Amino acid sequence: MNHQPEQMNPDFEDIMDQAYSLPNGRAKIALLEEAIRIADSLGDVEQGYSAREELVETCTFSGHPMKALVAFSWLLGQFDQQPDEYDDFTLLWSYKWILDSIASFPEINRAQIEELLADMRRRYEQFGYSERSYYYYRFSLLKDYGEVEEAQQFLDKTKAMDRDEMSDCEACEQHQFVEFEVMKGNDEQIIRTARPILRGRMTCGEVPHLTLSKVLMPLYRLGKLEEAEKYQKQGYRLIKGNRDFVLHSGEHMYYLLNIDLLQALEVFEQWVGLSLDHENPRDKMMFNAYAAVLFKRLVADGNVTSVKLPAGYPYPEEANDLPAIASRLEQMGLETAGRLDQRNGNSYYTTLIQQL
């Protein structure tokens with residue numbers, strides 16, 4: 001019997017080529033979702049798998065972690081049915097991206113998160129990787145829960161182990177250590193931990209982008225204003241317009257409201273549209289909390305009476321009512337904080353927002 005060579009679906013290939021040519025963002029996601037729809041409609045599992053692999057990475061780095069989680073769950077299920085057909089390294093590497101954002105969703109309970117972490121641990125062991133990544137992500141999750149002492153224990157275990165192929169890059173790990181020092185609140189230690197990144201000795205696709213906003217307030221409180229100004233300008237250039245950095249735009253805004261209220265307001269106006277449908281509840285919560293502080297300061301200052309709100313803003317009538325905007329932003333931030341705290345079993349996020 002003569003076998004005809006397998007035909008590639010031209011529509012699928014054309015759409016994937018278009019997607020590969022685009023930067024991470026909504027347009028690329030829309031193309032990848034269309035490619036998945038075509039592959040699924042034809043029952044082409046292999047094409048559906050390759051498109052979802054690309055979708056997981058694109059969504060992870062453009063502020064759509066829930067879309068990434070849904071696609072990744074499909075990949076896991078398909079991989080388990082035919083493990084010899086797919087690249088295990090790529091799948092296991094992207095598992096870390098899922099764990100990195102999973103605690104941001106208050107509707108996902110700790111038992112479910114524990115199941116994911118245990119599943120990652122089992123799979124890493126099955127494919128010959130060490131437990132270092134398990135301990136590192138246990139540390140990261142405990143940090144996300146606001147459990148500082150418990151997180152420290154697993155950080156110590158992580159640092160005592162040798163890195164392997166599945167370890168995050170050194171710049172990403174160092175950034176996590178900076179975040180942890182921010183939680184602990186020692187400004188000088190924050191800057192010491194960030195120095196390898198600030199001096200350019202550790203870089204990657206998202207570092208120093210992520211880190212520069214973390215050092216602004218510590219530098220400000222330490223009186224190192226020239227250094228803070230330098231890193232604010234550098235950091236803002238790196239993140240501008242990228243939906244994945246909504247949280248970090250809020251940190252720039254919070255720093256600037258202590259320096260120049262009008263400049264801080266410009267940051268809000270540039271980013272509020274990106275925050276509206278941002279999929280990460282914790283990042284959106286912090287943006288709203290920082291913005292609430294800004295609007296309280298603007299009300300007290302009295303020199304600004306209106307704000308430019310994007311077309312999709314659900315309360316356009318508040319453009320000339322700054323106290324109403326401040327109240328609503330604070331309410332939204334505290335509501336998410338309450339849900340996260342209820343899931344986590346503490347009051348970490350509510351206290352954090354109130355202290356702002």
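This is a predicted model: local features need pLDDT of at least 70, side-chain atom pairs count only at pLDDT 80 or more; totals for chains, interfaces and linings use all residues.

User: What packs against the buried residues of H17?

Analyst: Their partners are H6, H7, helix H15 (261-276), helix H16 (281-301) and helix H18 (348-355). The buried residues themselves include Leu322, Ile325, Ala326, Leu329 and Gly333. Further along H17, Leu340, Asp341, Arg343 and Asn344 are also among them.

User: And what comes just after H17?

Analyst: That's Gly345, with a positive phi of about 80°.

User: What makes Ile102 count as buried?

Analyst: Buried means under 20% relative accessible area. Ile102 has 2% relative accessibility, so it counts as buried. This residue is found in helix H5. Leaving aside residues up to four places away in sequence, Ile102 touches Leu69, Ile108, Ile113, Leu116 and Leu141.

User: How far is Ile102 from Ile36 in sequence and in space?

Analyst: They're 66 residues apart in sequence, and from C-alpha to C-alpha the separation is 23 Å.

User: How do you know that the length of H5 agrees with what its residues should span?

Analyst: You take one less than the number of residues and multiply by 1.5 Å. H5 has 15 residues, which should span 21 Å, and its end C-alpha atoms are 21 Å apart, so that agrees. Along with Ile102, the buried residues of H5 include Leu91, Leu92, Tyr95, Trp97 and Ile98. What covers them includes H3, helix H4 (65-81), helix H6 (110-126) and H7.

User: Why are H1 and H3 called roughly parallel?

Analyst: The axes of helix H1 (residues 10-20) and helix H3 (residues 45-60) cross at roughly 15° and come within 12 Å. Angles under 35 degrees count as roughly parallel, so H1 is roughly parallel to H3. Their crossing is left-handed.

User: Which residues of H1 and H3 meet?

Analyst: From H1 you have Phe12, Glu13, Met16 and Tyr20, and they meet Gln47, Ser50, Ala51 and Glu54 of H3. By type, this contact has 4 nonpolar, 2 polar and 2 charged residues.

User: What else do the buried residues of H9 pack against?

Analyst: Besides H7, the list holds helix H5 (88-102), helix H8 (148-159), helix H10 (187-198) and helix H11 (209-212). The buried residues of H9 include Ala171, His175, Val178 and Glu181.

User: How long is H9, and what follows it?

Analyst: Helix H9 (residues 170-184) has 15 residues and reaches 21 Å from first C-alpha to last, close to the 21 Å expected. After H9 comes Gly185, whose phi is positive, near 85°.

Key: Residues are numbered from 1 along each chain as its sequence is written. Side-chain values use heavy atoms; hydrogens and water are left out. Axes are lines fitted to C-alpha atoms, for helices over the stretch in contact, and angles run from 0 to 180 degrees between N-to-C directions. Helices (H or I, at least four residues) and strands (E, at least two) are DSSP runs, numbered from the N terminus. Angles under 35 degrees count as roughly parallel, over 145 as roughly antiparallel, 65 to 115 as roughly perpendicular and the rest as oblique. A crossing is left-handed if the near helix is turned anticlockwise from the far one by less than a right angle, and right-handed if clockwise. Contact means heavy atoms within 4.5 Å. Ala, Val, Leu, Ile, Met, Phe, Trp, Tyr, Cys and Pro count as nonpolar, Asp, Glu, Lys and Arg as charged, and the others, Gly among them, as polar. Buried means under 20% relative accessible area, exposed over 50%, partly exposed in between (1.4 Å probe, protein chains only).
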